[in-house]
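I opened this model to look up a handful of places in the fold. My notes follow in the order I made them.

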Amino acid sequence: MSIFKVRVKEFEEIFAQDVIELKQLRRHTFNGVPDVLSFRALSWKMLLGYLGPRRSSWPTTLAQKRALYKQFIMELVLPPGHTQNGAGDSDDESRGVGLQDHPLSEGPESAWNTFFNDNEFLLQIDKDVRRLCPDISFFQQPTDYPCEIVVHSKGEQGRRLHERVVPSVLSSANVERKGLGVTKINLITKRSAENYAAMEEGQEAHWEVVQRILFIYAKLNPGQGYVQGMNEIVGPIYYVMASDPDLSNRAHAEADCFFCFTALMSEIRDFFIKTLDDAEGGIKCMMSRLSNMLKSKDISIYNHLKSQELHPQYYSFRWINLLLSQEFPLPDVLRIWDSIFSDEKRFDFLIKICCSMILIQRDAILENDFASNVKLLQNYPPIDINVLLTHAVSLA
């Protein structure tokens with residue numbers, strides 16, 4: 001029997017148990033999840049805490065969470081005063097929008113005021129998701145399971161988030177004045193044709209679904225909001241959920257992804273909050289751990305980078321902050337995340353992978369000047385991901 005078939009059998013046996021043994025799941029997932037059946041989607045849902053170890057609890061958990069997510073869409077995405085069929089009610093009370101909440105109202109309690117203010121961070125989300133994983137076509141393709149209450153707008157504007165932020169040929173101009181004269185006018189023009197296009201009425205692309213997930217997350221976490229880079233965290237999770245061979249699960253990829261993403265963000269949110277950079281779980285602390293590990297494993301490279309004043313923030317900030325999601329092709333990122341999610345201490349192994357990335361390039365780094373090393377570390381060369389992970393495992 002081939003190694004692949006052995007691994008498939010191991011996962012079949014794990015998920016056949018009435019109560020999943022988490023230690024066993026972690027051990028096997030750490031070595032990579034076979035890309036068949038629903039193994040990866042199930043493993044990630046469990047390792048991120050979305051599903052508990054008792055199989056009998058899964059249907060109830062999934063039904064409750066998916067219903068809750070639909071409620072989030074109704075309350076946070078659809079415009080104030082909407083109805084499910086896309087037509088407005090004549091009764092202000094039944095709509096939940098009184099006369100005092102006119103679309104032009106600027107009151108702090110105005111749902112319409114909130115609706116328009118949302119567009120400040122929605123614009124950034126829109127920019128980021130339109131260029132997600134450009135090396136593959138997946139996110140540009142239509143989903144087979146669009147959100148019906150959003151894509152069938154029946155002419156109601158604002159249900160589809162991208163419609164709120166699409167600029168016209170000349171939607172506005174920023175004017176800077178100096179004295180009495182106009183010195184500069186910055187025109188906001190049409191979006192670049194390089195970015196992904198939205199689908200027609202009744203359809204939506206995968207990137208549009210990701211946009212909605214990030215928007216809802218930002219709305220539910222106003223203290224953090226949306227921070228650039230979160231799109232790179234949610235992308236691989238959504239890809240796994242939306243590629244689940246089990247169509248009954250794939251139909252709910254959006255909701256399942258949202259709760260897995262939220263669980264992961266609860267662990268790495270300190271990476272995205274600047275005021276927590278110096279905290280124990282903050283990004284500066286993580287980069288310091290990497291630097292200390294490199295110093296203990298290879299003092300020559302450590303001293304060489306230090307002498308060039310090539311500080312960890314020049315390259316490892318993005319590595320750690322985005323869990324290496326931008327350094328490797330998506331299939332390799334999924335394999336890396338199998339191991340990261342399996343790590344009980346979670347990000348200890350991430351630091352080991354980052355350290356291995358430097359050590360594997362030892363000879364080149366010692367020969368290179370500052371500029372060449374910056375280029376090498378910011379654009380990491382192609383590598384067999386199994387070689388990298390094996391090296392990371394060897395770091396005691």
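**Entry 1: Thr143.** I began in the loop between helix 7 (119–129) and helix 8, where Thr143 is found. The model is predicted, and I read every value below with that in mind. Is Thr143 buried or exposed? Its relative accessibility is 12%. The cut-off for buried is under 20%, so Thr143 counts as buried. I then followed its side chain, which reaches the backbone nitrogen of Tyr145 at 3.0 Å. Leaving out residues up to four places away in sequence, I found Thr143 touching Glu204, Ala205, His206, Val209 and Tyr238.

**Entry 2: the largest pocket.** Tyr145 came up again when I turned to the largest pocket. I noted a volume of about 560 Å³ for the largest pocket. It is lined by 25 residues, and the closest to its centre are Tyr145, Pro146, Ala251, His252 and Glu254. Which elements give two or more residues to the lining? I listed helix 4, helix 8 (148–151), helix 10 (206–220), helix 11 (230–242) and helix 13 (253–268). Helix 4 gives the most, with four residues.

**Entry 3: helix 4.** I went on to helix 4 for that reason of interest. Helix 4 covers residues 58–77, which is 20 residues. From first C-alpha to last it reaches 27 Å, close to the 28 Å expected at 1.5 Å a residue. I also wrote down its buried residues: Trp58, Leu62, Arg66, Tyr69, Phe72, Ile73, Met74, Leu76 and Val77.

**Entry 4: helix 21.** Next I looked at helix 21, residues 385–394. Its buried residues are Ile385, Leu388, Leu389 and Ala392. Seen down the helix axis, these buried residues fall within an arc of 95°, so they line one face of helix 21. I checked what they pack against, and found helix 17 and helix 18 (348–360). The face turned away from the buried side carries the exposed residues Thr390 and Ser394. What caps the N-terminal end of helix 21? Asp384 does, with a side-chain oxygen 2.9 Å from the backbone nitrogen of Asn386.

**Entry 5: the loop between helices 16 and 17.** I looked up two residues here. Glu327 lies in the loop between helix 16 (316–321) and helix 17 (330–342). Is Glu327 buried or exposed? Glu327 is buried, at a relative accessible area of 8%. I looked for a partner for its side chain and found Arg318, joined to Glu327 by a polar contact of 2.8 Å between the side chains. Not counting residues up to four places away in sequence, Glu327 touches Arg318, Trp319 and Gln378. Leu324 is found in the loop between helix 16 and helix 17 too. Leu324 is buried, with a relative accessible area of 0%. I flagged its backbone: phi is positive, about 65°, although Leu324 is not a glycine.

**Entry 6: Leu37.** I flagged Leu37 for its backbone as well. Leu37 has a positive phi of about 50° and is not a glycine. Its place is in the loop between helix 2 (22–30) and helix 3 (39–47). Leu37 counts as exposed, at 51% relative accessibility.

Entry 7: Leu377 is found in helix 20, residues 370–378. With 0% relative accessibility, Leu377 counts as buried. Apart from residues up to four places away in sequence, Leu377 touches Leu310, Tyr315, Trp319, Ile358 and Ile365. How far apart in space are Leu377 and Ser316? I noted 8.3 Å, C-alpha to C-alpha, for a pair 61 residues apart in sequence. I then checked His311, in the loop between helix 15 (299–307) and helix 16. His311 counts as partly exposed, at 34% relative accessibility. The C-alpha atoms of His311 and Val374 are separated by 9.8 Å, while the two residues are 63 apart along the chain.

**Entry 8: the whole protein.** I finished with the totals. The protein has 21 helices and two strands. Of its 396 residues, 49% are buried. Among contacts with a separation of 6 or more, I noted that 71% come from residues 24 or more positions apart.

How values were computed:
Residues numbered from 1 in each chain as written. Predicted model: local features only at pLDDT ≥ 70, side-chain atom pairs only at ≥ 80, totals over all residues. Heavy atoms only, no water. Buried < 20%, exposed > 50% of the residue type's maximum accessible area, 1.4 Å probe, protein only. Polar contact = N/O pair within 3.5 Å; in protein donor to acceptor, adjacent residues only side chain to side chain. Contact = heavy atoms within 4.5 Å. Expected span 1.5 Å × (residues − 1). Arc of directions from axis to C-beta. 1 Å grid on protein atoms, 1.4 Å probe; cavity = no way out; pocket = protein on both sides within 12 Å on 5 of 7 lines; lining within 4 Å. Points joined across faces, edges and corners; volume = space filled by probe spheres on them.
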